[in-house]
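Here's a quick briefing to read alongside the model. Have a look at the fold first, then come back for the numbers.

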Amino acid sequence: MDYVIEAHHISRSFGDVRAVDNIDLQISRGEIYGFLGPNGSGKSTTIRMLTGLLTPSEGSISVLGLNLPKQAEALRTRIGYMTQKFSLFEDLTVLENLKFIAQIYGISGKNKKQRLETQIDTYGLAQNRKQMAGTLSGGQKQRLALAAATVHQPELLFLDEPTSAVDPENRREFWEKLFDLSDQGTSILVSTHYMDEAERCHQLAILEEGQKRVDGSPEELMSNMGANVLEVAGPGLRQVKQTLVSLPEVLSAAQLGTRLRVLVSDRVDNPIEWITQRLPEENQGNLQRVRPSLEDVFVSCTGVNKR
Ligand SMILES: Nc1ncnc2c1ncn2[C@@H]1O[C@H](COP(=O)(O)OP(=O)(O)OP(=O)(O)O)[C@@H](O)[C@H]1O
Ligand SMILES: [Mg+2]
């Protein structure tokens, strides 16, 4: 298998905080690989180690065949990295920012002009080329940051929560660009805390408290979840929820509008019958089994259940 990233047992501590705790990763070439995890789960710390910017406390890392952090310098021009916080110059224009980045990567002459025009065009920034980066909208800023991170056509792209300040429509467009890059052969590692975004990835890992809880394709994760998903409707759902979450077989129960979404461990043989016996009479006819979502996977493998 051709892996662009291989990490074995990597950990990183800051004082007493174990930000990343014994993570293993194998990421194949050409893939869009996602890190899904809540605030503080170690996404940024892991990404920083994989880019060679941060030294792991333990473990080994190979990225594009280079050993990190030892060969980090050789890796620098072969990867692109879009940091979580907007890191371009707010008081330079769009074009000036791109020129500056191109210079850093040693792109020059006619080549450079052409490359910048392509980026401006690809990322829909033609009308903003003379605008100060600081005055761009959230979506435009992210497009500029992506244009900057790909100016040197890296084989591997790291994107740390690239769409956290972007509305759903712009997020969709942003993802279309990622699929274009993927289609052209770029491997992509992207972190997010949005389920819908994670669902678009070819493969993903769910992180919590610095640990990898599960990994696989979204479909695999949903079918191997270890729980059945049922929805209950009818009156008194707050009370029904209290009753159900107190049962050890119920992994979680959360209300979605007029329905209560319940995850029942697959140790229970016939979940419909099992749960019917535990519901008040007026809810018993209002029960159906539904397809799992990635959110169900997330809830079933992290500590957010039963809250
Ligand atoms: N330089 C640092 N010094 C001390 N603690 C740090 C440092 N960097 C990260 N941490 C801690 O490590 C843990 C993981 O942080 P990290 O930024 O990797 O999480 P994250 O998943 O990227 O979170 P978010 O979604 O909020 O960006 C947190 O508890 C954080 O406070
Ligand atoms: Mg982060």
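Buried here means under 20% relative accessible area, with exposed over 50% and partly exposed in between (1.4 Å probe, protein chains only). On that count, buried residues make up 49% of the 307 residues in the protein chain. This is a predicted model, where local features need pLDDT of at least 70, side-chain atom pairs count only at pLDDT 80 or more, and totals for chains, interfaces and linings use all residues. Residues are numbered from 1 along each chain as its sequence is written, and side-chain values use heavy atoms, leaving out hydrogens and water.

**Overall build**
- The protein chain has 12 helices and 14 strands, taken as DSSP runs (helices H or I, at least four residues; strands E, at least two) numbered from the N terminus.
- Its C-alpha atoms fill a box of roughly 75 × 45 × 35 Å along the principal axes.

**Contacts**
- Of the contacts in the protein chain with a separation of 6 or more, 68% are between residues 24 or more positions apart; contact means heavy atoms within 4.5 Å.

**Helix 3 against helix 4**
- The axes of helix 3 (residues 94-104) and helix 4 (residues 109-122) come within 10 Å and cross at roughly 130°; these axes are lines fitted to C-alpha atoms over the stretch in contact, with angles running from 0 to 180 degrees between N-to-C directions.
- Helix 3 is therefore oblique to helix 4, as angles under 35 degrees count as roughly parallel, over 145 as roughly antiparallel, 65 to 115 as roughly perpendicular and the rest as oblique.
- Leu95, Leu98, Lys99, Ala102 and Gln103 of helix 3 meet Lys112, Leu116 and Ile120 of helix 4 in this contact.

Key: Chains lettered and ligands numbered in written order.
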